[in-house]
Amino acid sequence: MFIKTVYPAAIGRKESFTEIVDKALDAGFFGYWFDSARDFTLPREEMLKLIRLKHIVPMGMELPVEFRQGEDSFLKDLENLEKIADYAKSIGIRRCATWIVPYHDSLCYSKNFKLHVDRLRKILDVLDRYGISLGLEFQAPVSLRMWHKYWFVHSFDGLFSLISAIDCRNCGVIMNSWHWQFSGMKKFDFNQFENGEQIIAVHINDAPKGLQEEDYQDLSRELPCTTGILKIRDFLAGIDEIGFNGPLIVEPFYDRLNMMSLDEVLKLVSASMDKALKR
């Protein structure tokens, strides 16, 4: 079952939970994806009371740890993760998400792989103590990595190899219709999952028309089911068939949304999600 979830940053919004929750509910969303820096400002008792009052489901949060840069910043973020995870657990969050950068300009594949395994294990260990699973997202378009020295994980198989090496029970996958299609995946590829619990969250969007595959830019997308370039219904059907039960998030990086009011954006995004879910 897909739970319609709003994540403000994914649709170009900067409002916090308290500023957006009522309008999100009016637009037909049932879940909310948190940004800890922006949203975890209320005392947890007040936040939990508000969540219950509004009858909205806390579906997850973005990982508040920069694990791709220097050791000092990583260790500082890792130390802060303990209190953030504690807050998240107290308001009902059990999911977390981040992405894997598909290149590095100084570390070769094997060294970068080891860095990811070591650091993500430490992150997952903290999250596991609070009952939170982490989903990793691969980034597929060739335009993201073509001008960089060392290519890194950019496919489903590469991501599964990384997750296998990390070997933590609370590590899963973020599936995105954009990266799914541009990595060459098909509906039947979801048979590689043991069950839907391995998927932490699902992102949907569409692609602009009239481009060659190497010309697609990751931050230039469309709302779901607007161009038909991405086979979104096949994508969702494959996920549904393995028993996924969790958040469905629209992530279009669509410039026109920045020129609309919050009400307009939420209603448009919600309608595009309904269209994608229509069988």
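Author: The questions below go from the whole chain to single residues. This is a predicted model, in which local features need pLDDT of at least 70 and side-chain atom pairs count only at pLDDT 80 or more, while totals for chains, interfaces and linings use all residues. Residues are numbered from 1 along each chain as its sequence is written, and side-chain values use heavy atoms, with hydrogens and water left out.

Reader: How many helices and strands does the chain have?

Author: Helices (H or I, at least four residues) and strands (E, at least two) are DSSP runs, numbered from the N terminus. Counted in that way, the secondary structure of the chain comes to nine helices and 10 strands.

Reader: What radius of gyration does the chain have, and what would a compact globule have?

Author: The radius of gyration is taken over C-alpha atoms, and the globule rule is 2.2 Å times the number of residues to the power 0.38. For 279 residues a compact globule would come near 19 Å, which agrees with the value for the chain, 18 Å.

Reader: What percentage of the residues in the chain is buried?

Author: A residue is called buried under 20% relative accessible area, exposed over 50%, and partly exposed in between (1.4 Å probe, protein chains only). Of the 279 residues in the chain, the buried ones make up 53%.

Reader: Is Arg13 buried or exposed?

Author: Arg13 has its place in the loop between β1 (2-6) and α1 (17-26). A polar atom of the Arg13 side chain lies 3.2 Å from the backbone oxygen of Met260. Since its relative accessible area is 13%, Arg13 is buried.

Reader: Which backbone oxygen does the side chain of Tyr216 reach?

Author: Tyr216 lies in the loop between β9 (199-204) and α8 (232-241), and with 5% relative accessibility it counts as buried. Contact means heavy atoms within 4.5 Å, and, leaving aside neighbours within four places in sequence, the residues in contact with Tyr216 include Trp178, Phe182 and Pro208. At 3.0 Å, the side chain of Tyr216 reaches the backbone oxygen of Pro208.

Reader: What is phi of His55?

Author: Most residues other than glycine have a negative phi. His55 is in the loop between α3 (44-54) and β3 (57-62), and it is exposed, with a relative accessible area of 68%. Although His55 is not a glycine, its phi is positive, at about 60°.

Reader: Is Cys225 buried or exposed?

Author: Cys225 has its place in the loop between β9 and α8, and its phi is near 60°, a positive value in a residue other than glycine. With a relative accessibility of 16%, Cys225 counts as buried.

Reader: With which side chain does the side chain of Arg169 make a polar contact?

Author: Arg169 lies in the loop between α6 (156-166) and β8 (171-176), and with a relative accessible area of 75% it is exposed. A polar contact is a pair of N or O atoms within 3.5 Å; within protein, one must be able to donate a hydrogen and the other to accept it, and residues adjacent in sequence count only if both atoms are side-chain atoms. At 3.1 Å, the partner of the Arg169 side chain is the side chain of Asp128.
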